[in-house]
Amino acid sequence: MPDEESRVAINSDQDIVLARQKGRTLAADSGFSSVDATLIATAISELARNIVTYAKRGEITLAGLADGGRRGIMIVASDQGPGIADIRQALRDGFSTSGSFGLGLPGVRRLMDEFEISSAPGQGTKVMVKKWRQERPEK
Amino acid sequence: MEVPILKQGEFLIATIQAALSDADLEHLRMALIQRVVRFRSRAVIVDVTAMDVMDSFASRTLKEIAQMIRLRGAETVIVGIQPEVAFAMVQLGITLETVATALDLEEGLAYLSQKFKNLN
């Protein structure tokens, strides 16, 4: 249940910087450590870059989360781009169709606690990730 | 956001002062290689202390800068990667194995002086 939500339109590489700075601010406001805020900002940077690279334009939504006593942050990256034909392949390290690194998605999954993706060719791509504040014992 | 590049003898020092967009990073790459050629520099230090995030694009661009500069017979040292940025880079799966790194500008300069002293 998101309490506060903000949207960042992603249309250019400049918006990548804007989105990750907003994410860092929200993470800090939600009580995340500066290490976690950096992990979150890095994940946003990768997700926003995927939008610019593959879909040209899209949107990043940032929301604070409160689930019982837990607090966290949710990031949704969505676009109406070409979509991903083989999601399993896209989640493997080293896979890329744009001649770039290709470690975007698996890297983002490692940076965050929860990761969901839905995409199909011609249907755009939606990636939702969450990170929770580390009050519980380390996994 | 222009990155100032300082000429210090045979070295160039580029100090990144704020978060950089992809276009800024590409501009830095071009500016550095041009100056390395113009000044016949032997080494470049890129100070990334102010960088909030080092994502896959930024890391790849820094690697490319180092490779281009190596082809000119010069050396690149990346200094000032913040601890939390380093942590995020490792989680993301980024390595800068092929590029020399040092704790800060002072260490970077010390590393280069040592290296070139041995050569001379």
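1. Confidence. Chain B has a mean pLDDT of 93, and 98% of its residues reach 70 or more; pLDDT is the predictor's confidence in each residue, on a scale from 0 to 100. For the complex, the predictor gives an ipTM of 0.90 and a pTM of 0.90. This is a predicted model, in which local features need pLDDT of at least 70 and side-chain atom pairs count only at pLDDT 80 or more, while totals for chains, interfaces and linings use all residues. Residues are numbered from 1 along each chain as its sequence is written, and chains are lettered from A and ligands numbered from 1 in the order in which they are written.

2. Strand β4 of chain B. Strands are DSSP runs of E with at least two residues, helices are runs of H or I with at least four, and both are numbered from the N terminus. A residue is buried if 20 or more other C-beta atoms, placed from the backbone, lie within 10 Å of its own; it is exposed at 12 or fewer and partly exposed in between. On one side of β4(B) the buried residues are B:E75, B:V77 and B:V79, and on the other B:T76 and B:I78.

3. Partners of β4(B). Two strands pair if DSSP finds at least two bridges between them. β3(B), residues 43-47, runs parallel to β4(B) and is joined to it by 5 bridges; B:D47 has B:V79 as its bridge partner. β5(B), residues 100-102, also pairs with β4(B) in the parallel sense, over 3 bridges, and B:T101 stands opposite B:I78.

4. Crossovers. β3(B), α2(B) and β4(B) form a right-handed β-α-β unit, and so do β4(B), α3(B) and β5(B). Right-handed means that, with the strands pointing away from the viewer, the path from the first strand over the helix to the second runs clockwise.

5. Contact between the chains. Chain A gives 24 residues and chain B 17, where contact means C-beta atoms, placed from the backbone, within 7 Å. On chain B, the elements giving two or more residues are α1 (22-39), α2 (56-71) and α3 (83-92). The largest share, 6 residues, comes from α3(B). The side of chain B divides into 8 nonpolar, 4 polar and 5 charged residues; Ala, Val, Leu, Ile, Met, Phe, Trp, Tyr, Cys and Pro count as nonpolar, Asp, Glu, Lys and Arg as charged, and the others, Gly among them, as polar.

Methods. Two residues are in contact if their C-beta atoms, placed from the backbone, lie within 7 Å.
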